Amino acid sequence: MNAPLHSNLLQQPLRDVSAWAQHFMRSEIPVLGETADTLEALRLNEDAVDANLLGETISGDPLMTLKVMAHVSTHRSSRRVTDAETVTAALVLLGISPFFRTFGPQPTIEERLADLPGALDGLQAVLHRAGRAAKFALGFAVHRMDHDAAVIHQAALLHDFAEMLLWCHAPALALEIAARQQADPSLRSAVVQHEVLNIELADLQQALMRAWRLPELLIRMNDDKHAHTAQVRNVLLAIRLARHSARGWDNAALPDDLADIAQLLNLGLEPTIKLVHQLDD
């Protein structure tokens with residue numbers, strides 16, 4: 001993850017999941033400009049910073065969250081038997097001073113995509129959707145009294161990180177996918193991804209999570225194959241809700257989403273709708 005930020009952007013698809021994963025693992029991940037600025041402000045007063053404060057700053061940014069989790073997971077001691085399943089837990093293990101030594105001034109998505117405003121808009125839309133999904137997921141988990149609520153929040157935040165990395169490192173291909181889906185809204189994401197990228201992003205994401213040795217619980221929560229479990233349904237329904245309500249609350253898919261959420265939460269439909277709007281506020 002330490003290649004120069006301004007290395008050439010990918011213009012053509014790579015051959016398979018392994019090639020894509022290797023490329024993304026070699027490439028520096030830019031973060032939100034707001035995150036970079038806040039971290040530099042905190043660096044000036046490092047002695048006053050603790051893991052909770054730092055974790056709160058980082059957990060609002062899926063890309064910075066991914067960077068920290070990947071670093072701590074790949075550098076963990078072989079003697080450690082438990083995973084750091086949240087960014088705050090990862091920071092406790094890493095330590096504040098080592099964090100600031102490891103993560104210097106951060107490159108930003110605004111710098112990375114300055115000459116590609118359409119791609120920046122596309123990435124910001126995915127980041128905004130991830131933030132809303134994480135908020136929904138946490139609210140559902142708290143209602144369910146799930147002891148892994150913090151991990152569920154993070155799983156929803158990171159659910160589409162491969163798409164975020166695509167916008168960062170292959171914006172022309174990401175724009176091509178978006179254009180095709182806009183021209184044909186019935187086109188399935190997996191189909192158009194395979195046509196444009198030679199892979200499906202879900203497969204790439206699982207490969208990256210395994211390569212970065214991310215926590216097993218986080219990997220499982222981001223694997224749609226485990227949708228029969230309440231925790232994974234919690235994440236997936238939050239993702240669906242955020243996606244379908246991204247442009248307002250009149251999407252035809254929302255009634256089914258809300259009915260499924262009501263079932264998950266063991267609530268009536270009206271209380272579920274009220275809860276969802278409270279979370280979105």
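Q: Which residues is Arg132 in contact with, leaving aside its neighbours within four places in sequence?
A: In this predicted model, Arg132 is in contact with Ala242, Ser245, Ala246, Trp249 and Asp280, once its neighbours within four places in sequence are left aside.

Q: And where is Arg132 found, in which helix?
A: Arg132 is found in helix H8, which covers residues 117-143.

Q: Is Arg132 buried or exposed?
A: Arg132 has a relative accessible area of 10%, and because buried means under 20%, Arg132 counts as buried.

Q: OK, new topic: which residues touch the most other members in the largest nonpolar core?
A: That core has 92 residues, and the ones that touch the most other members are Trp20, Leu54, Val68 and Phe99. The largest share of this core comes from helix H8, which gives 12 residues.

Q: What does Trp20 touch, not counting residues up to four places away in sequence?
A: With those residues not counted, Trp20 touches Leu10, Pro13, Leu14, Leu166, Ala170, Leu173, Leu197, Ile199 and Leu204.

Q: Let's go to H4: how many of its residues are buried?
A: In H4, 12 of the 13 residues are buried, so this helix is largely enclosed by the rest of the structure. Val68, which is among the core residues that touch the most other members, is one of the buried residues of H4, and others include Lys67 and His71.

Q: What span should H4 have, and how far apart are its end C-alpha atoms?
A: Helix H4 runs over residues 62-74, and at 1.5 Å a residue its 13 residues should span 18 Å, which agrees with its end C-alpha atoms being 18 Å apart.

Q: Which residue caps the N-terminal end of H4?
A: Asp61 caps that end, with a side-chain oxygen that lies 3.0 Å from the backbone nitrogen of Leu63.

Q: Stepping back, how many helices and strands does the protein have?
A: The protein has 17 helices and 0 strands. Its radius of gyration is 19 Å, close to the 19 Å that the globule rule gives for 281 residues, so the protein is as compact as a globular protein of that length.

Q: What does the C-alpha trace span along its principal axes?
A: The C-alpha trace spans about 50 × 40 × 35 Å along those axes, and buried residues make up 50% of the 281 residues in the protein.

Methods. Residues are numbered from 1 along each chain as its sequence is written. This is a predicted model: local features need pLDDT of at least 70, side-chain atom pairs count only at pLDDT 80 or more; totals for chains, interfaces and linings use all residues. Side-chain values use heavy atoms; hydrogens and water are left out. A nonpolar core is a set of buried Ala, Val, Leu, Ile, Met, Phe, Trp, Tyr and Cys residues joined through side-chain atoms within 4.5 Å. Buried means under 20% relative accessible area, exposed over 50%, partly exposed in between (1.4 Å probe, protein chains only). Helices (H or I, at least four residues) and strands (E, at least two) are DSSP runs, numbered from the N terminus. Contact means heavy atoms within 4.5 Å. The expected span of a helix is 1.5 Å times one less than its number of residues. A polar contact is a pair of N or O atoms within 3.5 Å; within protein, one must be able to donate a hydrogen and the other to accept it, and residues adjacent in sequence count only if both atoms are side-chain atoms. The radius of gyration is taken over C-alpha atoms; the globule rule is 2.2 Å times the number of residues to the power 0.38.
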